[in-house]
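Please work through each task before reading its solution.

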Amino acid sequence: MAVDVLLGLQWGDEGKGKIVDVLSAGYDLIARFQGGPNAGHTLEFDGKKFVLNTIPSGIFFENTINLIGNGVVIDPITLKKELDKLKDAGHDLLAKKNLLIAKKAHLILPTHQLLDAANEKKMGEGKIGSTLKGIGPTYMDKTGRNGLRIGDITLPDFKERYQKLVDKHVSMLLQLYGEVADFSEREALFFEALDVLRQFPLVDSEHLVNNYIKDGKKVLAEGAQGAMLDIDFGSYPFVTSSNTTAAGACTGLGIAPQQIGEVIGIFKAYCTRVGGGPFPTELDDEMGEELRRIGHEFGATTGRPRRTGWIDLPALKYAIMLNGVTQLVMTKADVLSGFEKIYACTHYNYLGEQIDYMPYDICSVKPEPVYKEIDGWNEDLTGITELSEIPAKLQSYIDFLEAELGVPVKYLSVGPDRKQTLVLH
Ligand code: GDP
Ligand code: IMO
Ligand code: MG
């Protein structure tokens, strides 16, 4: 059985958590393959709301096992907090035995977070707008071959290894920034959290996932962030530090490319971005404010207001190409109800030419969006359960997008709740 991959096609926060939760019942294993606690995946059901940062979004289904894959970077302190919150809400993952952690996943140290903050401070105006969770410095230590992995926490000399890396970070901080903030409190929390993580099954996840495949079980790889934040193909340097695209599922879980089945790409009916960097269709006006207000566009991890804008088809086509998307999911269609007109960017005016693709540089040269005006719909979508209830004008918008993007919109999400989801095809 192949591994299906679910990932974001924009700048993150497309609704991945909700859709993974909706699809989880049909899978034996849900595996996060990259990113770390920079992610915030929101799930709502039975009047309850959960935000997951590191834990895969399949934990609420009885028979689904969840894996934090080797491509993920783990902050033990955040992970323990997530586990504690879930336990308080009646979901004790240790007791349920439904969470596994890859030994090869890298550890975020308190000093990685200090480095993240110091780097951003140094950049001033040009800063990335990082979530400051230590993601960049941890992936740098991974590729620099200095990192510590989850498997190392069971070694007798872990403390010495930890201290060696911390000493390196401290000397970097002193040399580059002249100061090191006190991190003794976080260090104590870090070791406390490791004691908890040691109680979970720490696994050779590449073997585990391939055994699932061999046994004909169904696996869903859960992405974090979105294609436009990919380290190679996103709006560099305003990106995260991992491959958020489908290829990342191969390296982040240890599976071969031919094992990938469906690639489920999620996008919002409009577009958002949080943090710095280019956003060609951004609405810096009342309309943008309306989208933020109606769509509750505030970061699930940092609470920062998300920047809002219209859907960007050149960017979406680019993401679909990079990922080999076979099915689309459109979320937050309900947020557009009541707008008399909505707009879709079909082309960019770029350096004197009209283009319909993502050019190399959108940071120093701003692509000017060319819009198609589309009639909006007035009906409230949040209660609809039947395809026959989809307003004709929304159906035209979906038909237009399918024709432009060349991939079917298989699911339509009309609200944050698990139940507010329609299967279109
Ligand atoms: P993720 O990072 O991709 O999992 O997305 P986030 O959880 O960061 O952000 C998506 C937000 O939109 C969350 O607050 C969800 O509860 C909410 N959401 C998801 N789908 C829909 C939808 O179809 N309509 C509305 N109104 N909200 C949605
Ligand atoms: P989910 O999985 C939206 C953004 C940050 C910043 C840039 C780099 O919830 O969709 P980092 O902390 O990785 O150094 O930040 O990437 N970013 C996200 N934006 N959703 C996310 O995750 C994000 N994870 C990182 O705001 O601009
Ligand atoms: Mg999010």
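Buried means under 20% relative accessible area and exposed means over 50%, with partly exposed in between. The model is predicted.

**Exercise 1.** Determine whether Pro201 is buried, partly exposed or exposed, and state where Pro201 is found.

*Solution.* Step 1: Pro201 is found in the loop that runs between helix 7 (184–197) and strand 9 (202–203). Step 2: the relative accessible area of Pro201 is 38%, so Pro201 is partly exposed. Step 3: leaving aside residues up to four places away in sequence, Pro201 touches Leu99, Leu100 and Ile101.

**Exercise 2.** Identify the parts that the salt bridge of Asp13 with Arg306 ties together, and classify both residues by accessibility.

*Solution.* Step 1: the closest N and O atoms of Asp13 and Arg306 are 3.0 Å apart, and the cut-off for a salt bridge is 4 Å. Step 2: Asp13 lies in the loop between strand 1 (3–8) and helix 1 (16–24), and Arg306 in the loop between helix 10 (286–294) and strand 13 (307–309), so the pair ties together parts 293 residues apart in sequence. Step 3: Asp13 is partly exposed at 22% relative accessibility, whereas Arg306 is buried at 7%.

**Exercise 3.** Carry out the analysis for Arg418 and Asp21.

*Solution.* Step 1: a salt bridge joins Arg418 and Asp21, with their closest N and O atoms 2.8 Å apart. Step 2: Arg418 lies in the loop between strand 19 (409–413) and strand 20 (421–423), and Asp21 in helix 1, so parts 397 residues apart in sequence are tied together. Step 3: Arg418 is partly exposed at 23%, while Asp21 is buried at 1%.

Note on methods
Residues numbered from 1 in each chain as written. Chains lettered and ligands numbered in written order. Predicted model: local features only at pLDDT ≥ 70, side-chain atom pairs only at ≥ 80, totals over all residues. Heavy atoms only, no water. Helix = DSSP H or I, 4+ residues; strand = E, 2+ residues; numbered from the N terminus. Buried < 20%, exposed > 50% of the residue type's maximum accessible area, 1.4 Å probe, protein only. Contact = heavy atoms within 4.5 Å. Salt bridge = Lys/Arg side-chain N within 4 Å of Asp/Glu carboxyl O.
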